[in-house]
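The following note concerns helix packing and strand pairing. Please read the points alongside the model.

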Amino acid sequence: MQVSSQRAELHIMWVCMKPLAQSLDSATWLATTQQLRKLGVHVALVAVGPTGRHEIEGVEVICFSRPDVYIVRQLVFHFRVICLALKEWKKTDVILFHQASAPWLAVLRLIRFLTGDSKPLLALDTRTLHMPPADLENLKDKVRARMYRLSDGLANSWADGRLAITRRMAETERIPPAKLWGVWPSGAELERFDAAQSARRWPAPGEPIRLIYAGCLHHERNLVTLSRAVVQAQSEGLLFRLSLVGDGTARRDLESFAATTDGIITVEPPVPHSQVPSILASAHVGVLPFPDEEKFRVSSPVKLFEYMAAGLPVLATRIACHTEVVGDVRCVIWAADSDVPGLLAGLRLLWSNRGDLEEMGRQAAILARQWTWQKSARMLKAALERGVSQCA
């Protein structure tokens, strides 16, 4: 755990219902916590894992175990979180949590009302929308979506404040302006990904361009469609290899399809976030084939920033969460659409520009300097201080 020489002016408990030791997106919590502590904020980061205090990628995390039973696991985990919150009640200024925790942590607001205390304040941070494709929605998805909408609506009344990943997200969630403490986007750890730039070997003439996607392998991420486009490009004589790293609802479909491609597509298991830079070092282009849907438009995709920080050019769909980051910098090849013809057009354009990949990667790394977890942590700290001041 990093200890700052500054006085810890703000004490927060941050509840994350994820096993951060295994999550590909753990940097959102680990890197931001690390930077907040450097800024003098006392952060008690709480996550899923073997019960106890653990150091994960150099960051101290309080972990609580939970049974692997739907609903019961949420109940057990949040009961332990509530017990910890009561133990640290007088020390804590803000309890920061996400949508999945909202129904359970509402009890803390009731406890605060009964005790007459003004703190800890309760702040809901929204970073994703739960919007699975309607044609793939099962009963669990429907229950989760209903709970999401219910908890989000209720939180506007009982939570002391709201935070969001982007302004677009705040508008989509209809967060009342008086409740919105601030927004803070995703970022990347530049130092962690620097080595990927120097370790990369760019493709020689006649060698395939290696594409990489590292993240959630959910159906809505459009990865099966991308895979089909890559195979179609190969049939035209354009040499590509696509590696998909992660886990999710589309994993079985992707594995089944990959088995028919003679190694053109490979599906790899998820890895700890600490191994992501070495995976990106072996690739030439990062891919983001997301469709132009609301849940993606309002986002701030951490993988875009990590690709850029690793010096990777990007093949991406032309949607707001991508275009608003990249602007006019020539480090992205834009796909015409998120269907097979649109992605195939992007692959053809990428192939015709393969001689420029190294320079595009250099431009991506320069742009990444504007999107760091250090900057995001400063925005989060300012938002939390603003909320505490407003509620004083």
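1. A crossing is left-handed if the near helix is turned anticlockwise from the far one by less than a right angle, and right-handed if clockwise. By that convention, α7 and α13 cross in the right-handed sense. The model is a predicted one, in which local features need pLDDT of at least 70, side-chain atom pairs count only at pLDDT 80 or more, and totals for chains, interfaces and linings use all residues. Residues are numbered from 1 along each chain as its sequence is written, and side-chain values use heavy atoms, with hydrogens and water left out.

2. Helix α7 (residues 223–235) and helix α13 (residues 340–352) have axes that come within 9 Å and cross at roughly 55°. This makes α7 oblique to α13; angles under 35 degrees count as roughly parallel, over 145 as roughly antiparallel, 65 to 115 as roughly perpendicular and the rest as oblique.

3. Helix α1 (residues 27–38) packs against helix α15 (residues 373–391) at an angle of about 70°, the axes being 9 Å apart. Helix α1 is therefore roughly perpendicular to α15. Contributors to the contact include Ala 31 and Leu 36 of α1, together with Trp 373 and Leu 380 of α15.

4. Strand β10 (residues 240–245) pairs with β11 in the parallel sense over four bridges, pairing requiring at least two bridges found by DSSP. Leu 244 has Val 267 of β11 as its bridge partner.

Note on methods
Axes are lines fitted to C-alpha atoms, for helices over the stretch in contact, and angles run from 0 to 180 degrees between N-to-C directions. Helices (H or I, at least four residues) and strands (E, at least two) are DSSP runs, numbered from the N terminus. Contact means heavy atoms within 4.5 Å.
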